[in-house]
Amino acid sequence: METGALCYTGRMTDEFETNTDKIMAAAVRKSESIEADIAVHPERYRVLTGDRPTGLLHIGHYFGTLRNRVRLARLGVPTMIVIADYQVLTDHDAFDKISENTRQLVIDYLAAGIEPGERVAIFPHSHVPEANQLMVPFLTLVSNAELSRNPTVKDEIAKSEVALNAGMYTYPVHQAVDILFCKGNVVPVGKDQLPHLEMARVIARRFNARFCKGAEPVFPEPHALLSKTPMIMGLDGSAKMSKSLGNAVLLSADEDETARLIKKAKTDQERHITYDPKNRPEVANLLRIISLCADEEPEAIAERIGDGGGGKLKAVLTEALNEELRPLRARRAELEQQPERIRGVLQDGVEKARAIARETLAEVRHVMNMEI
């Protein structure tokens with residue numbers, strides 16, 4: 001994924017789009033190389049990952065990210081999990097719920113098996129002022145045109161009926177701050193998120209080239225650890241499972257609620273169940289979820305269900321999903337009664353993050369000749 005130094009002409013995203021296939025292929029090769037090495041040398045890596053506190057997590061998050069975070073942490077990979085609370089302000093008005101949503105995120109993390117400690121920190125980035133001080137120098141390394149061309153910003157511009165606030169334009173730079181303040185060199189993402197990671201890579205490259213001439217680079221260029229888990233579609237057959245669309249199974253849902261939601265899931269008119277993602281996407285989606293729970297190929301699951309139709313498919317899914325989530329839900333219920341523990345996890349995470357950020361900020365000030 002090494003694309004060479006890019007100039008300040010607003011062409012970063014254009015170049016990414018022009019060379020998408022080449023960059024994607026290089027990212028896949030690099031990800032496979034990291035995956036092979038990370039099991040042998042976990043100490044070489046620091047993972048940065050996280051979520052915005054906009055509400056409760058659902059099974060798309062669980063299969064797509066949470067299980068992978070648990071796996072990496074158990075391999076011994078230092079892991080920083082950022083709760084991006086400032087970023088909620090860029091496109092949400094529900095600031096009154098940020099604190100509670102942050103608490104619920106931590107509960108979901110712990111219930112899923114993430115264990116904060118020496119190698120794992122969970123923290124809201126609004127409580128790490130030393131990291132946020134990197135925003136100004138980072139903003140000097142990108143142009144307004146590049147920010148406008150960023151996929152996240154372009155998407156918001158396209159769907160917004162009002163003028164975007166400046167926070168949305170600088171959103172990609174703040175993401176780079178989250179990754180680079182702790183010198184994260186691995187970021188678990190899906191292929192569709194590679195352009196977002198490219199902003200952090202470009203900022204790291206430009207900072208090192210501008211301020212570290214003749215000295216050791218301050219920032220590593222982070223690489224993607226590409227997810228192998230297919231995207232979980234919404235139960236209504238839409239392209240994405242989402243809380244806002246009401247088509248998700250929340251991790252906090254009980255077994256009866258899960259059954260009711262799955263009963264309403266969209267399938268099709270064919271009674272014989274087959275795994276055909278192209279022609280039967282809704283059925284294929286439900287089979288994939290069962291596969292993720294049962295560690296069995298979706299084709300084999302479809303063959304077992306056979307002429308049982310959509311009813312049998314939904315029944316199998318309900319049983320498999322409730323079985324998979326039963327331990328998580330039990331832990332979640334216990335954690336709901338332990339507010340001091342949740343607060344302690346966040347306080348410890350903030351302390352760890354600030355210690356790292358202070359060291360990085362000191363290096364930044366040194367190479368920028370801003371020491372006093």
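**Pocket, burial and ring labels**

Analyst: Begin with a pocket: helix H5 (98–112) and helix H17 (339–367) each contribute at least two residues to the lining of the second largest pocket. The model is predicted, so local features need pLDDT of at least 70 and side-chain atom pairs count only at pLDDT 80 or more, while totals for chains, interfaces and linings use all residues. Residues are numbered from 1 along each chain as its sequence is written, and side-chain values use heavy atoms, with hydrogens and water left out.

User: What makes a run of residues a helix?

Analyst: Helices are DSSP runs of H or I with at least four residues, strands are runs of E with at least two, and both are numbered from the N terminus. H17 gives the most to this lining, with six residues.

User: What makes a space a pocket rather than a cavity?

Analyst: On a 1 Å grid over the protein atoms alone, a cavity is a set of points where a 1.4 Å probe fits but cannot get out; a pocket is an open set with protein on both sides within 12 Å along at least five of seven lines. Lining residues have an atom within 4 Å of a point. The second largest pocket holds about 320 Å³. Its lining has 15 residues, and Ser99, Thr102, Pro124, His127 and Leu346 are the closest to its centre. By type, the lining has six nonpolar residues, five polar and four charged. Here Ala, Val, Leu, Ile, Met, Phe, Trp, Tyr, Cys and Pro are nonpolar, Asp, Glu, Lys and Arg are charged, and the others, Gly among them, are polar.

User: Why is Gln104 called buried?

Analyst: Because its relative accessibility is 9%, and buried means under 20% relative accessible area, exposed over 50%, partly exposed in between (1.4 Å probe, protein chains only). Gln104 is found in helix H5. Beyond its neighbours within four places in sequence, Gln104 is in contact (heavy atoms within 4.5 Å) with Leu56, Arg332 and Glu336.

User: Why does Arg149 count as partly exposed?

Analyst: Its relative accessibility is 24%, so Arg149 falls in the middle class. Arg149 belongs to helix H8 (residues 144–149).

User: What makes helix H11 mostly covered?

Analyst: Nine of the ten residues of H11 (residues 171–180) are buried. They include Tyr171, His174 and Asp178.

User: How do you know that the sulfur of Cys182 is too far from the closest cysteine sulfur for a bond?

Analyst: The closest cysteine sulfur, in Cys212, is 17 Å away, whereas a disulfide is a pair of cysteine sulfur atoms within 2.5 Å. A search of the whole structure finds zero disulfides. Cys182 is also buried, at 0% relative accessibility. Cys293 counts as buried as well, with a relative accessible area of 15%.

User: Why is the aromatic pair of Phe207 and Phe219 called edge-to-face?

Analyst: The centres of Phe207 and Phe219 are 5.1 Å apart and the planes stand at 75°. Rings of Phe, Tyr and Trp (its six-membered ring) pair if their centres lie within 6.5 Å; planes under 30 degrees apart are stacked, over 60 edge-to-face and the rest tilted, so the label follows. This pair links distant parts of the chain, twelve residues apart: Phe207 in helix H12 (residues 194–211) and Phe219 in the loop between H12 and strand E5 (223–226). Both Phe207 and Phe219 are buried. Phe138, Phe207, Phe211 and Phe219 form one aromatic cluster.

User: How many aromatic pairs does a search of the whole structure find?

Analyst: Six. One of them is Tyr62 with Phe63, edge-to-face at 5.0 Å centre to centre and 70° between the planes.

Terms used:
Grid points are joined across faces, edges and corners, and a volume is the space filled by probe spheres set on the points.
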